[in-house]
Amino acid sequence: RAGRRRILNEPELIALLRGYNFTIVEDIPRTIAEQVSLYHNASFIIGPHGASFTNLIWCRPGTQVFELFSPNYMPDFFLYLATLMEVQYSGYYRGDAPTEKGYALTEDFTVSIPDIDRCLDALLNQPRAVSQPMQSST
């Protein structure tokens with residue numbers, strides 16, 4: 001991700017994703033046609049919460065989406081959109097969710113690589129219905 005809400009341990013996450021044979025797509029400006037093609041042809045999309053997820057409207061039903069959050073900013077915009085588009089949605093945040101609504105729009109965060117590994121294993125090896133965000137307590 002080139003903009004806000006960077007994953008601080010992104011190199012480790014990318015290494016894990018490569019182990020699952022994910023294609024890593026660089027966050028660069030794209031034409032609308034390129035964005036449509038990326039999302040329409042994807043079978044699984046994972047990334048930090050951001051405006052790019054509005055492209056879920058181009059996904060085919062059944063596409064899996066895994067949105068990564070800071071524990072201080074977890075809006076459900078894309079869960080709603082995924083439900084409308086019949087996309088399989090999961091989310092993840094590490095730590096405890098705040099008791100008050102957080103607005104850390106630009107907060108960088110880390111993910112637990114072992115947690116993401118377990119989540120991906122579960123998502124890729126069994127069918128899932130639309131779900132709520134998964135939490136890590138580490």
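**Close-up views of side-chain contacts**

**View 1. Aspartate 115 and arginine 118 sit about one helical turn apart, being 3 residues apart in helix 4 (residues 113–125).** The model is predicted. Aspartate 115 and arginine 118 form a salt bridge. Their closest N and O atoms are 2.3 Å apart. The structure holds 1 salt bridge. Side chains of opposite charge can pair when their charged atoms come close.

**View 2. Phenylalanine 22 and phenylalanine 44 form an edge-to-face aromatic pair.** The structure holds 3 aromatic pairs. In this one, the rings lie 5.0 Å centre to centre, with 90 degrees between the planes. Phenylalanine 22 lies in the loop between helix 1 (10–19) and helix 2 (32–41). Phenylalanine 44 belongs to strand 1 (residues 44–48). The pair therefore ties together parts that are 22 residues apart in sequence. Phenylalanine 22 and phenylalanine 44 are both buried.

**View 3. Phenylalanine 53 and phenylalanine 78 form a tilted aromatic pair.** The distance is 5.7 Å centre to centre, and the planes make 45 degrees. Phenylalanine 53 lies in the loop between strand 1 and strand 2 (64–69), and phenylalanine 78 in helix 3 (residues 77–84), so the pair ties together parts that are 25 residues apart in sequence. Both phenylalanine 53 and phenylalanine 78 are buried. Together with Phe77, Phe53 and Phe78 form one aromatic cluster.

Notes:
Residues are numbered from 1 along each chain as its sequence is written. This is a predicted model: local features need pLDDT of at least 70, side-chain atom pairs count only at pLDDT 80 or more; totals for chains, interfaces and linings use all residues. Side-chain values use heavy atoms; hydrogens and water are left out. Rings of Phe, Tyr and Trp (its six-membered ring) pair if their centres lie within 6.5 Å; planes under 30 degrees apart count as stacked, over 60 as edge-to-face and the rest as tilted. Helices (H or I, at least four residues) and strands (E, at least two) are DSSP runs, numbered from the N terminus. Buried means under 20% relative accessible area, exposed over 50%, partly exposed in between (1.4 Å probe, protein chains only). A salt bridge is a side-chain nitrogen of Lys or Arg within 4 Å of a carboxyl oxygen of Asp or Glu.
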